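Me: I would like to work through this protein with you, one question at a time, with the sequence and the model open beside us.

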Amino acid sequence: MIKKILLSLACIGIIIGLSVAATSSYVVLKVAQEIDKAERKYSGPQVLGLPDGYNPTKPIETYTGPHPANITRPDDPFNYPIKIGQIGPIMPLMRRGELEYPFLCRIEKSLLGQPIIDNQEGAGMAVFRENENGELTREIVGYSKDCLFKTNAWYYYNRKGTSKFYALEDFREGHEIEKITINGITTDFIVRVEMGTINRFLYMVATIKSPDGTIEQPSNTLWNEKLIYNFRGGVGVGKRQGRINPRSILRDNYLELKQGYGVAYSSANQTSMHYNIWLAEDTVARVKRQFSALYGTPMHTIGVGGSGGAIQQYLIAQNNPDLLDAAIAVYSYPDMVTQTIYALDCDLMEYYFDVTAKNISFWKNWNNRRLVEGLNSLTNESNPMGQLHSVISLMKGEIPNLSYGASECAKGWRGPAQVIHNPKFAHFSPRYTETLRTKVNWTHWDNLKQFYGTNKNGIAKTTWDNIGVQYGLDALRKGKIDIEKFIHLNQHIGGWKQQDQMDQPRLWYFSGNSSFKDISLWSHHNMNLTNGNESVAPRTAGDVDAIKAAYLSGHVFLGKANIPIIDLRHYLDSELDMHHSFATFSTRKRMIEFSGHADNQIIWMTQKPHRPINNAVIALDKWLVNIKQQPDKSVADNRPLEVEHTCFDSEENVIAKGPSVWDGQWNGRATGRCMQLYPSHASSRIIAGGKINDDVFKCALQPVEDAVANGTYGIIDVTPHINSLKKLFPNGVCDYQKPDQGRPKDILLQNTASAIASQ
């Protein structure tokens, strides 16, 4: 009776206090269910089969070769330009092992028609006969495993008064074409757009239509001899081609096209598709060759792109500095794989706070979660996941947790962490036959298994490790949490199960089970948890060889970059967005440690809707002109004086600028004006004792007694609790004064080697 009364009161509390939130969560849940059902009943084109002899779980050796910065790139045998009606190169020059299958074609979704038939054995996607009206019939005439497309070109016009572009052949009544003046020549703002496939991915190049050019033989008369290369982000695990919307690319580059720049892009340079930096780099090189064969070699190439697009630019600058002359890294991270270190902590911590420690009132205050997670959290922030948790608790007959607030972990990292790490989850998997999707492991690790390697069963090795990590250590040292909370947290936090032991997440996709009570917001059924109050939840060990391979293959940003860089972002920490600002300073710290300075990197931070991309292009253009005119000076010394560290407000006004405006805790200096206004936070591993570099996969271990003796716990006397700590950490605790145990020594000092394309 008492339980029923309490549940009734809880229901009344939600109805009165959280009625809108609870209702919206329920609606979101129902919509998600309907989407899930629709996906599982998906009846569109599917990938049907694998090429003969291809085994997606074939064991692969871990990469142990030279760093790509020390590899001589092979000559490209392809004869550029790819002419209209021809097919571009298929096999990347920079690769290790086979092409990846299955491979989802997206040519039709790019409104380019069907892919080219390349086999009759049922590998890939079906290609259907077209009737006399160009409509698809149900008759299969062949299959496409590589999703190829014959190069073609079109004209697009800019509608006057807008940044929108439309196909010229479908000119819309009532539209007026914008006029622009370039090099003293006034012309219609019409752009030649070319698309085709390179390395199996779609590419696009675009320039202003010159009066003396044709669609087949374009002219460079109005081109300003400079190129903007676009990069895009997302969280991808491979196995799909991606698509291109030319109108979107043209709109995003509206100002640059208007100024005469050429524009290039490939779906291989969108990390929603994959995070293979060898493939990304190789595609940039080949798309640039195509552009140069059509229009001439650019005076310089400026990269532009956000999130995963920024990651590609930093890694390409490190691995092959000849491709990009400058970079605009928007919403940057130093690389992808070191972000998994703290990202995969998030659900573990959130489950601890939401479920394991739900009766500890201290953790009901969301600001206190920041003491452990590092990432920002807010007590006055709407949290759909938390509201959904309350609804689910009620449906299970439990008293819901009515704490109000949210964290970046809860809002920013819940989905992506499962996407990269769970081999049985991919939101696009219904586009593959059920038989096929069960043969494939859908993880970041599997997508890059040619580097990480696999076990004998073909399961990719992973780098994620939390052995010896003392979650919340900094909060303990500062007296913000007591030793009892610290011990309880580290006793129950646990880790992730091994890849072959994981089951499908129960977040939005329910494996056909539509019961609300089976939903797990944290994927806790894939965690190593405690069996009782006295047990210790097992941690997870990463593979040392896989960690070494991440470094050796160039997927970790070491800080090597000697091109002009403007690191640009909106300040999103206050929105609990995953694109947090401390990532910029993590990158900068790595650069300083590698080169002794980061004077070639300038940080701009602003507020929405201000978007100073074109300002950054103009600034970098001046910087690059200086470098060309004064080659005896360093990159940093050629920086224009007006290009400085800067923070802006939402209305484009400069708040402060200068060499010290971003100083702060990250570099041990007095907090600068911009850092005061746009404060950065940290990660769970920094809070656990790590450095701002945030690049330690597997820490060196030290006995608990040594940690006590060398001051790891600060002024906190943990002596009475040594036995408890030794029980939690039988192999020792992290010593972040020592390097990552998987990091090879002198990575970039190895002898130069030639790339072996078929390795």
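Me: Which residues of the largest nonpolar core touch the most other members?
Reply: The model is a predicted one, and every value discussed here is computed from it. Its largest nonpolar core holds 130 residues, and the biggest share of them, 10 residues, is supplied by helix α7 (residues 339-356). The members that touch the most others are Trp 413, Tyr 471, Phe 486, Trp 662, Tyr 713 and Leu 725.

Me: Leaving aside neighbours within four places in sequence, which residues is Leu 725 in contact with?
Reply: Contact here means that heavy atoms come within 4.5 Å. With its neighbours within four places in sequence set aside, the partners of Leu 725 are Phe 486, Ile 487, Val 704, Tyr 713 and Val 718.

Me: In the open sheet of 12 strands, which strands stand at the edges?
Reply: The strand order is β6-β5-β9-β10-β12-β11-β13-β14-β19-β20-β21-β22, with mixed pairing, and the twist from one strand to the next averages 20°. A strand at the edge has a single partner, so one of its sides is left without a neighbour in the sheet, and this applies to β6 (165-167) and β22 (654-657).

Me: Within that sheet, which residue in β9 stands opposite Tyr 157?
Reply: Strand β5 (residues 152-158) pairs with strand β9 (residues 190-198) in the antiparallel sense, over six bridges. Opposite Tyr 157, the residue in β9 is Ile 190.

Me: At about what angle does α5 run to β10?
Reply: Helix α5 lies across β9, β10 (201-208), β11 (226-231), β12 (262-266) and β13 (300-306). Relative to β10, the helix runs at about 35°.

Me: Is α5 largely enclosed or largely open, and how many of its residues are buried?
Reply: A residue counts as buried when its relative accessible area is under 20%. Helix α5 is largely enclosed by the rest of the structure, because the buried residues among its 19 number 16.

Me: How far apart are the end C-alpha atoms of α5, and what span should its residues give?
Reply: Helix α5 covers residues 277-295, and at 1.5 Å a residue its 19 residues should span 27 Å. The separation of its end C-alpha atoms agrees with that expectation, at 27 Å.

Me: Which residue caps the N-terminal end of α5?
Reply: At this end of the helix, a side-chain oxygen of the capping residue lies 3.0 Å from the backbone nitrogen of Trp 278. Just after α5, Gly 296 takes a positive phi of about 110°. The N-terminal cap itself is Asn 276.

Me: In the open sheet of three strands, which residue in β4 stands opposite Met 125?
Reply: The three strands are ordered β1-β3-β4 with antiparallel pairing, and the twist averages 55° from one strand to the next. Two bridges join β1 to β3, where Val 47 stands opposite Met 125, while five bridges join β3 (residues 124-130) to β4, where Phe 128 faces Ile 140. On the β4 side, the residue opposite Met 125 is Ser 144.

Me: Which residue in the hairpin of β3 and β4 takes a positive phi?
Reply: Five residues lie between the two strands of this hairpin. The residue with a positive phi, near 80°, is Gly 134.

Technical notes:
Residues are numbered from 1 along each chain as its sequence is written. This is a predicted model: local features need pLDDT of at least 70, side-chain atom pairs count only at pLDDT 80 or more; totals for chains, interfaces and linings use all residues. Side-chain values use heavy atoms; hydrogens and water are left out. Two strands pair if DSSP finds at least two bridges between them. Helices (H or I, at least four residues) and strands (E, at least two) are DSSP runs, numbered from the N terminus. Axes are lines fitted to C-alpha atoms, for helices over the stretch in contact, and angles run from 0 to 180 degrees between N-to-C directions. The expected span of a helix is 1.5 Å times one less than its number of residues. Buried means under 20% relative accessible area, exposed over 50%, partly exposed in between (1.4 Å probe, protein chains only). A polar contact is a pair of N or O atoms within 3.5 Å; within protein, one must be able to donate a hydrogen and the other to accept it, and residues adjacent in sequence count only if both atoms are side-chain atoms. A nonpolar core is a set of buried Ala, Val, Leu, Ile, Met, Phe, Trp, Tyr and Cys residues joined through side-chain atoms within 4.5 Å.
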